[in-house]
2 protein chains.
Amino acid sequence: MKKVYFLFAAVLLFSSSSLAQNQDSITIKKIADDILTNGTVFENLRYLCKKIGPRLSGSANAQKAVLATARMLKEAGADTVYMQPCMVPQWVRGAKETGFIKLADNSKFNLHLCAIGNTVGTAAAGLSAPVVEVKSMAELHQLGAAAIKDKIVFFNIEMNPTYINTFQAYGEDGAGRFMGPAEAARYGAVGAMVRSLASNVNDYPHTGVTRYNDSFPKIPAVCISTRDANWLSEQLKLKKVTTAYFKTDCKMLADAPSFNVIGEIWGTEFPGEIISVGGHLDSWDLAEGANDDGSGVTQSIEIIRALKANDIKPKRTIRAVMFMNEENGGRGGEAYLQNALQKNEHHIFALESDEGGFSPRGFSLEMTAEKEQKIKQWLPLFYNYGVYFMETGGSGSDVEPVLKTGAALAGLSPDSQRYFDIHHAATDVFENVSERELKLGAVNMAALIWLVSEYGL
Amino acid sequence: MKKVYFLFAAVLLFSSSSLAQNQDSITIKKIADDILTNGTVFENLRYLCKKIGPRLSGSANAQKAVLATARMLKEAGADTVYMQPCMVPQWVRGAKETGFIKLADNSKFNLHLCAIGNTVGTAAAGLSAPVVEVKSMAELHQLGAAAIKDKIVFFNIEMNPTYINTFQAYGEDGAGRFMGPAEAARYGAVGAMVRSLASNVNDYPHTGVTRYNDSFPKIPAVCISTRDANWLSEQLKLKKVTTAYFKTDCKMLADAPSFNVIGEIWGTEFPGEIISVGGHLDSWDLAEGANDDGSGVTQSIEIIRALKANDIKPKRTIRAVMFMNEENGGRGGEAYLQNALQKNEHHIFALESDEGGFSPRGFSLEMTAEKEQKIKQWLPLFYNYGVYFMETGGSGSDVEPVLKTGAALAGLSPDSQRYFDIHHAATDVFENVSERELKLGAVNMAALIWLVSEYGL
């Protein structure tokens, strides 16, 4: 709460110098009205979701998305559109996974599951072993090899429902997926079965990456649906479970060539000062990547369109970036940084939208206190568009590398309540995006990008 | 923006007296954690939507909802649960409506339409007439009887997409439905066809009430889907339309007996000071009334449950009220007032939740400046739960009558972006409510109700 008081003080001081803000609010209203009335962001998202679909790095669909967004950027009126090569890992799921729990009465309970991204597959016959449930990483370490060896470890860590920002629960309760398989292998486990990182209870498994530890064997790993996880936990309590079985066909192929896609409006006064805004083009293979992150990609394109359509000429260069491979490698973000360093580019600000196309609530700022202070002075300009806070925090994994160039970073913070209902699951589809919410996110992003382009940092 | 500055000043003044707020924030966190972890609001809503369904006043389902919510209030632990009788209008839709546009080439285009609530039906053979489109009420009055007589008036008034609060557009652009049929009848129209009051473009017609003017004939009226409205407007521009036809079977029956449902926790120190929180139990007949207003009803019950489950004893009496007949009569709200006056009850505060079960953003306050100031001092306690504003505004039509008793009123303001996508349409179903968003609304309502019960106004 301290942060908020501090902010209010700044607002009061600033309320006297309101002439410039008046002019700014007129420009922002012009942008907002246009996006809400004529914006193409929703139709572009529909195309990415419905005409292309899942866009995992290295896939044919990812390549189609590269070409499609390049076209969208041209249609938006970008002064230049180009592709930035990068090599990406190419993980393939293979045949649909299957699995079940064998109970003491010899019956089988089929599980809703999916292989965790970047994992190895099982042997062709699948994998069968007794199950050990853990509710935390600490519990795994306490149990140790004596209990874990030759078992399938069931990481049943619920997302804490009392966190209002669901990303906090994702971060704190995600260890089972992020590093569960590696840590289970440390104690001789033969497989891992992870409760989906989801804020709701239903039958959809949620995928995502895990990171192996090269010092231990790479063991196969799956996520099971939250409903199945609750059921399994109950059966284990009742001592009814004999073994778990699952079969996955996934593997990592050789790296494949791919691209970031970039569109720019050249700055009229300081073209060398670059302001970037982006999202990631790749998406998990189970759904359409509508909220993760088709929304951020199409919102970034929308900013180019809105400025061009309204003949607003930014003083600094605005660059919309569609990053490749955020989901299972981060190679696009890294390639972007390397290019920036090679060309000695001067990035002053990089904004990311990768928390879904939901109603915008605020911005998270990752920069020096001085720059943060400057940006926070603009907050009153955002109230009319539903953004009420700007606070110190992380930005996003695609823009993070650019921090090394000294750029100020920021992330759009949409309302987070629904994100982990659908994140990385088959339910992350176009139908779960609201046109007005998506557009309102673009409005606030455009306003912030334009203010930085006008006043610098 | 002025309002906001004012608020900030209040916050700064208040930040010194933070000891009480610390204790309050602990109590609120306890309530919030419980609702987010153990809340039954989502399951209660599921019951209202899936086990009962549409609950239009006077229907058998409305009566089921009366009994079901009385049971829910008992299960929530209310000290007393009772029903408050009221007579309600009983409008019935009858057979499903049909309609089409006849084009110059003699082809027919079937329309997605529904009778407007409280309207009269057509003759058994239906109604056929040439169509006159108007884009505003002013245009209707300009055209006058010469152009309108014996025609079907097509009110094609779009919801203004540039209003960030969609309720503003609903209010300003809703005249076509609210009074279009009455005003068209003034000039001799034989029917009205109204563009659905919806913020999206699809095939679902949205119903709702209209108000006839007793000085003119009651003419039949339907709402058509926004997609059909766009199409019809285009065909009219091309001069391709011969006539419109529609057939409705609806009628108003005699008033029927019904009830408000009330559950209370008696105040420990000032039981005579009543704080009410409510929503409306009736809903339109086309859907499940999930967001309108099953959410407000079940959130109000949740407040009783959360206080009881946590053994929090309010100093003042807290009363959850399920109002009957908000949609097409307001008789429940009126009966509630009459009862309050007869019993000489002392209402100090009445909160309504009737803007959907979406993520809470703020509260709208309808009270004296002094009371408003007192409530606004509590705003910092709400930041952690996503509520960032409290501003002067309307409360809700069910609590409005209580204003006459001198009570302070307030309304929950959830994010409004999705509300008019589904409002009064077949899409207002349980699946379009997010459990976390619904619960977070209940958390903020409970916090405000508890603060008023603790400190009075």
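Helices (H or I, at least four residues) and strands (E, at least two) are DSSP runs, numbered from the N terminus. The model shown in these views is predicted.

View 1. The relative accessibility of B:Thr162 is 17%, so the residue counts as buried; the cut-off for buried is under 20%. Within chain B, a polar contact of 2.7 Å links the side chains of B:Thr162 and B:Asn160. From chain A, B:Thr162 touches A:Lys29, A:Asp33, A:Leu36 and A:Thr37, with residues up to four places away in sequence not counted.

**View 2. Strand E14 of chain B and its parallel partners.** Strand E14 of chain B covers residues 346-352. Of its 7 residues, 6 are buried, so the strand is largely enclosed by the rest of the structure. One partner is strand E12 (residues 270-280) of chain B, which runs parallel to E14(B) and is joined to it by 6 bridges. Here B:Val277 stands opposite B:Leu351 of E14(B). Strand E17 (residues 408-414) of chain B also pairs with E14(B) in the parallel sense, over 4 bridges. On this side, B:Phe349 has B:Ala408 in E17(B) as its bridge partner.

View 3. The model has 5 cavities of 30 Å³ or more.

**View 4. A:Val194 in a strand of chain A.** A:Val194 belongs to strand E8 (residues 191-195) of chain A. Its relative accessibility is 2%, so A:Val194 counts as buried. Leaving aside neighbours within four places in sequence, A:Val194 is in contact with A:Ile116, A:Phe155, A:Gly176 and A:Arg177, among others. A:Val222, A:Cys223 and A:Ile224 are also in contact with A:Val194. A:Ala115 lies 79 residues from A:Val194 along the chain, and the C-alpha atoms of the two are separated by 9.9 Å.

How values were computed:
Residues are numbered from 1 along each chain as its sequence is written. Chains are lettered from A and ligands numbered from 1 in the order in which they are written. This is a predicted model: local features need pLDDT of at least 70, side-chain atom pairs count only at pLDDT 80 or more; totals for chains, interfaces and linings use all residues. Side-chain values use heavy atoms; hydrogens and water are left out. Buried means under 20% relative accessible area, exposed over 50%, partly exposed in between (1.4 Å probe, protein chains only). A polar contact is a pair of N or O atoms within 3.5 Å; within protein, one must be able to donate a hydrogen and the other to accept it, and residues adjacent in sequence count only if both atoms are side-chain atoms. Contact means heavy atoms within 4.5 Å. On a 1 Å grid over the protein atoms alone, a cavity is a set of points where a 1.4 Å probe fits but cannot get out, and a pocket is an open set with protein on both sides within 12 Å along at least five of seven lines; lining residues have an atom within 4 Å of a point. Grid points are joined across faces, edges and corners, and a volume is the space filled by probe spheres set on the points. Two strands pair if DSSP finds at least two bridges between them.
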